[in-house]
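Please look over the two chains shown below.

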Amino acid sequence: MIVRYLGTLSALCVIAGVAVGTCTTITPTRVPSRVGDYWLLAGDFHVHAFPGDGSLAPWPLRDEAARAGLDVFAVTNHNQALTAKFARQQARGSDGPLVLAGEEVTNREYHLIAVGITQKVNAFQPAARAIADIHAQGGVAIAAHPGPLSVGYTDDAIRALDGTEAAHPADDQRERNEFIAFYERARRLNRRIAAIGSSDFHAMPAPVGSCRTFLFVRERTEAGVLDAIRDGRTVALDDAGQLHGDPALVLLAKQSIPQQPVDANNGWRRLSVALVWAGVLGVVLFGGGVR
Amino acid sequence: MRTTAEPYPASLFSIDVSIALSPDQTFERLLANTGRAPGRSLIARLCIVVLTIAVVVPVMAVQRVTVSLFAIAAVSWSFVVAIQIAVAVGVIVSARERRIDMLHALDLWFAGHLPYSLWMLAVAALATSSGLVDPVFLFATALVPSAWTAWVVAAFCRRALGNSPSSARRRAAAHQIVVWAIGLGYGALTSGGWYQIAGGVSRLLQ
């Protein structure tokens, strides 16, 4: 008897899983802390969205950023700024994290994050010239996951950078060391360069904000965030929980960084995913009506 | 002896499972069963494919499924299904000897979704359980449903489109080439260029 209804039961399983997931998903209210004259904000300046090579559209991305305890994030698709400009536009005037328009300027010699731009930056030019284009638009330029293959970063280009990803999801310690080595090299050439932590979120773990940047900002606006990066008032947090950046700021951040929000409904979330996954498998195998 | 009006025999699994496991016999049986309503069945199959995508995308990305995540993923990624329909129409229309109308043919075509649906679910389970998954490795594993689907499509071309075995194999191969070209083209377009795809392949080979 039950065999006859396996497809329908599977469909009900999907509905139950989505319902459990929806009812138990909570976005904690976030109030950034004050450190002297500054607000301490958490940001992620390297996030990919749909349409593009990110899987999530800007709306759910913003919800996920809020759940991850971020105050600001930038949508930075490869060699296009349309999605980012749309994301920024639709987030205006609503509660939740600030959304900045960006681009990951991508070519064989370097990957460069542009944040706070209004137009697409041409990817087919030397890094120093791309950085100048970003500055001309009022944006900031951040070296993305720089390593030995990032041969486009000449000393001149590094001097012009506003920040570099000192923390980025890494496969191993060797990669982490490469990002830090580049940051140290950049710091020797440019004392004010900002240490940036980014998730480079696309479609799979690591999640948004897994590596993040803490910013000491004067005002909680886009201009305030960009100013903090230009002035190097940042600290990068990597996926191993280590802070990187100016030692004085690292010390200050250690005393002020709030606890990461804990998902109190983690068990329900897992149950929801299990129900939905098993339900869809059931629908695929037993038909859900297509028999 | 089975008559053309006799319904498909009751089974624990869906017809789509039978097609994935023994496509020639199942397509032949379905073609003989003229009592089916291909329009309704096609819509149900398309809904299953969209459902699978709409669940797999948020599960892989954030290990969470809510109504809004589900709905937005379904709308955002339905273009994949639209492309599949366009490619299927191209294959079907170009077969002059086909034995059935377009709606019926599309219904049978989408009955062959199982390999990719199972692959998507397997990848989602892997991403959720392991936490970190190499996308290049994942795309390499897509060779399995690709080969499996080619086998199903070849059977479809033989039975539903009336192609000879060699012509059916060529069509199935052409279908896979088109699908991979579109997929890799989308990847290259959105990831910054073909060199990114080439880099991923070379990393995989190493």
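Q: In which loop does A:His145 lie, and is this residue buried or partly exposed?
A: In this predicted model, where local features need pLDDT of at least 70, side-chain atom pairs count only at pLDDT 80 or more and totals for chains, interfaces and linings use all residues, residues are numbered from 1 along each chain as its sequence is written. Chains are lettered from A and ligands numbered from 1 in the order in which they are written, and side-chain values use heavy atoms, with hydrogens and water left out. A:His145 lies in the loop between β6 (140-143) and α5 (155-160) of chain A, helices (H or I, at least four residues) and strands (E, at least two) being DSSP runs numbered from the N terminus. Its relative accessibility is 21%, and since buried means under 20% relative accessible area and exposed over 50%, with partly exposed in between (1.4 Å probe, protein chains only), A:His145 counts as partly exposed.

Q: Which phi value does B:Gln63 have, and where does the residue lie?
A: B:Gln63 is found in the loop between α3 (38-62) and α4 (67-93) of chain B, and it is buried, with a relative accessible area of 16%. Although B:Gln63 is not a glycine, its phi is positive, at about 50°.

Q: Which side chains meet in a salt bridge between chain A and chain B?
A: A salt bridge here is a side-chain nitrogen of Lys or Arg within 4 Å of a carboxyl oxygen of Asp or Glu, and across this interface the rule finds 1. At 3.4 Å, N to O, the partners are B:Arg64 and A:Glu64.
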